[in-house]
Amino acid sequence: MTATHLATIPAQRPRPAVFRAAGGFLAELSKDKAAFAGFLFLVLVVLAAVFAPLLAPHDPAAQSVLARLKPPAWTARGSAEHLLGTDMLGRDVLSRLLYGARASLLVGTSVVLLAGSFGVLLGLVSGYRGGRTDTVIMRVVDVFVAFPGLLLTLLLVAMIGPSTPTMIVVLAFSNWMIYTRLVRGIVMSMRTTPFIEAAEVLGCGPRRILQVHVLPNLVPPLLTLAILEFTNILLAEAALSFLGLGVQPPGTSWGLDIANGKNYMLLAWWPITFPGLAIALTVLSINLFANWLRVTTDPAEREKRHARGRLRLLRRKAAANG
Amino acid sequence: MTHFPGPLSAGTPASGAAPLLSVRGLAVDFDGPRKKIWGPPSKIRVLEDISFDLARGETLGLVGESGSGKSTLGRAVLRRLPIADGRIVFDGKDITHLPLAGRRALSRDIQMVFQDPYTSLNPRMKVLDLIAEPLIVHGIVESAEEARDRVAELLRLVNLPVENIDRFPHGFSGGQRQRIGIARALALRPKLIIADEPVSALDVSVRAQVVNLMQDLQAELGISYLFVAHDLSIVRHISDRIAILHRGRMVEMAGCDAIYDRPAHPYTATLLKAVPEPDPRHRRGTPTAPPPAPRIGELVMEGGACRYSKGCAKATERCRAEAPVMSRRGRDRWVACWEA
């Protein structure tokens, strides 16, 4: 292997400035069409959530008995007043969709972050310390897993009272165990790998080993799990809101709208279809983007992808030349 | 417990001076199966009565079959394992019972090169970060960037192009990765490097390069090596003396040529016969298989007998009743055998 060959691989070019890194990130992302589309949709959802008061044509909670169940604008009975129609109380579906993005994203991300950081921390300690610490932590996890999640949630909400913050805490409380189990398993198997032993021989303390050697290698599986969990939480939020234990009216969320629209599904498809589409597309976009991110955060995978790209380019050139 | 009388390093390059490392009567236990469900785990003695000296700048080859305890001995010297009995003195300090902080401080002076260069380097760290890590951990530099010049110097020392400093390890060949591992071990300028089969995972074609590099570094920096291997031909090339381990006991220790030309212990002779001879006119005789390794339970039971006595052609009643101790035969040869 010669030095010149090594020097020509662009992925490792030093990029000092932050904005250049961002530019590089977008340039690399735009090569993967599906991931780029997913990323764009996510940006759209976040923008919608942030600027909902400016974008929404109506107050999402304003009821109008006269304008009940108006179909979307492009159908025969629709009007430009309500682009995506109105629900059974005459509330504007588009406005509710924009405001609903707030609740769904807020609950989804904060639950994943809260449950994830707690679960990962316990998993790291459990897997690395082993022995009695591990036994105690894993038995606690077993107890939590064995307890019916919905029952626990109902119990807690009944005790504290329904509200969005309560829902976040309660959902985090009943969803952290899966992170602990995943992380513990990986850390236990990683403990025996020579590079962890090498780090110990070099004099690294447990904290540095976990931070520098274990955690970065946990990013791909954790990313995948967090995304699966995010979608789970979106649905759990919908279920809780449906039961009246989550987002409280006049607040909105996609899940609450699906729950409400369900009863009128045969009369009017739009109050349930659009929030449903919003959830499905968000989940899909996150998956596409996360898949790309997982590959990008792994140096070896990244180089393989780079090589595949070069190969495709060469083949295309060869085909063009006859 | 039998301890060695007198110094063991006679005839080595630095004889006369105090040895860098002296090990006396070292024993290491592993946890075995529990006798009762709630009882403490039983102990399996994996190293028994190991004694040797290692001079500054000397290489001692540790040879034995799988399970003979050669890697365990390396890890015991690094103080990564609890010591059941005996003493380890390194550089004038008794390191047999060190607290955690002391063991971490010890890593400045004793470093290790690992067997598998593919799994012993964190795949998410660049060469710079990998080699700078010991310097950061021991507070010599604040960040990897600060260590860039030192790392470049270390790369030159192990004959790797300095341009590779910002690359990840997966792009390198096994030999190159092992050089990265060696550079990392050298970063703290240790006095002793424990090389745990550093070339057995490498292609035959690059083994010599890595071994020669290690020899050059030894000549330049005066490092001592504890060179663990199961392959006598590599060990002969690099070692000043060779110690043969068999099932947790040292059976013979002598200068390199003495072992090869006149093996004293029957087990040493068996090992030597297993080395392929490139010249068909110089046959050493057909290799004979050593006696099969015992299962874990048997090891515990063995007790008094010589552990080699079961398959040994020379075994007598005495061998089956009493384990032989290391005794001096000649100027620089120690053998544990009643019949040799």
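## Salt bridges between the chains

Four salt bridges are found across the interface of chain B and chain A. The model is predicted. One cross-chain pair is B:Arg80 with A:Glu197, whose side chains meet in a salt bridge at 3.2 Å from N to O. Side chains of opposite charge can pair when their charged atoms come close.

## The interface

Chain B gives 30 residues to the contact and chain A gives 26 residues. About 2,600 Å² is buried between chain B and chain A, and carbon and sulfur atoms give 57% of that area. Polar contact across the interface of chain B and chain A involves 14 residue pairs, with both residues at pLDDT 80 or more.

On the side of chain B that touches chain A, the elements giving two or more residues are strand 6 (110–113), helix 3 (127–137) and helix 5 (174–186) of chain B. Helix 3 of chain B gives the largest share, four residues. By residue type, this side of chain B has eleven nonpolar, ten polar and nine charged residues.

## Salt bridges within chain A

Over all chains, the count comes to 29 salt bridges. In one of them, A:Asp257 pairs with A:Arg96, and the closest N and O atoms are 2.9 Å apart. A:Asp257 lies in helix 12 (residues 254–261) and A:Arg96 in helix 5 (residues 93–129) of chain A, so this pair ties together parts that are 161 residues apart in sequence. Are these two residues buried or exposed? A:Asp257 counts as buried because its relative accessibility is 8%, under the cut-off of 20%. A:Arg96 is also buried, at 2%.

A second salt bridge in chain A joins A:Arg139 and A:Asp142, with the closest N and O atoms 2.9 Å apart. The two residues are three apart in helix 6 (residues 131–146) of chain A, so about one helical turn separates them. A:Arg139 is partly exposed, with a relative accessible area of 45%, and A:Asp142 is partly exposed at 29% relative accessibility.

## A salt bridge within chain B

B:Lys70 forms a salt bridge with B:Glu197, with 3.7 Å between the closest N and O atoms. This pair links distant parts of the chain, 127 residues apart: B:Lys70 is in helix 1 (residues 70–77) of chain B, and B:Glu197 is in the loop between strand 7 (192–196) and helix 6 (204–221) of chain B. Both B:Lys70 and B:Glu197 are buried.

Salt bridges that share partners join A:Arg191, A:Glu197, A:Glu200, B:Arg75, B:Arg80 and B:Asp196 into one network.

Note on methods:
Residues are numbered from 1 along each chain as its sequence is written. Chains are lettered from A and ligands numbered from 1 in the order in which they are written. This is a predicted model: local features need pLDDT of at least 70, side-chain atom pairs count only at pLDDT 80 or more; totals for chains, interfaces and linings use all residues. Side-chain values use heavy atoms; hydrogens and water are left out. Contact means heavy atoms within 4.5 Å. Buried area is the accessible area (1.4 Å probe) that two parts lose on being put together, summed over both. A polar contact is a pair of N or O atoms within 3.5 Å; within protein, one must be able to donate a hydrogen and the other to accept it, and residues adjacent in sequence count only if both atoms are side-chain atoms. Ala, Val, Leu, Ile, Met, Phe, Trp, Tyr, Cys and Pro count as nonpolar, Asp, Glu, Lys and Arg as charged, and the others, Gly among them, as polar. Buried means under 20% relative accessible area, exposed over 50%, partly exposed in between (1.4 Å probe, protein chains only).
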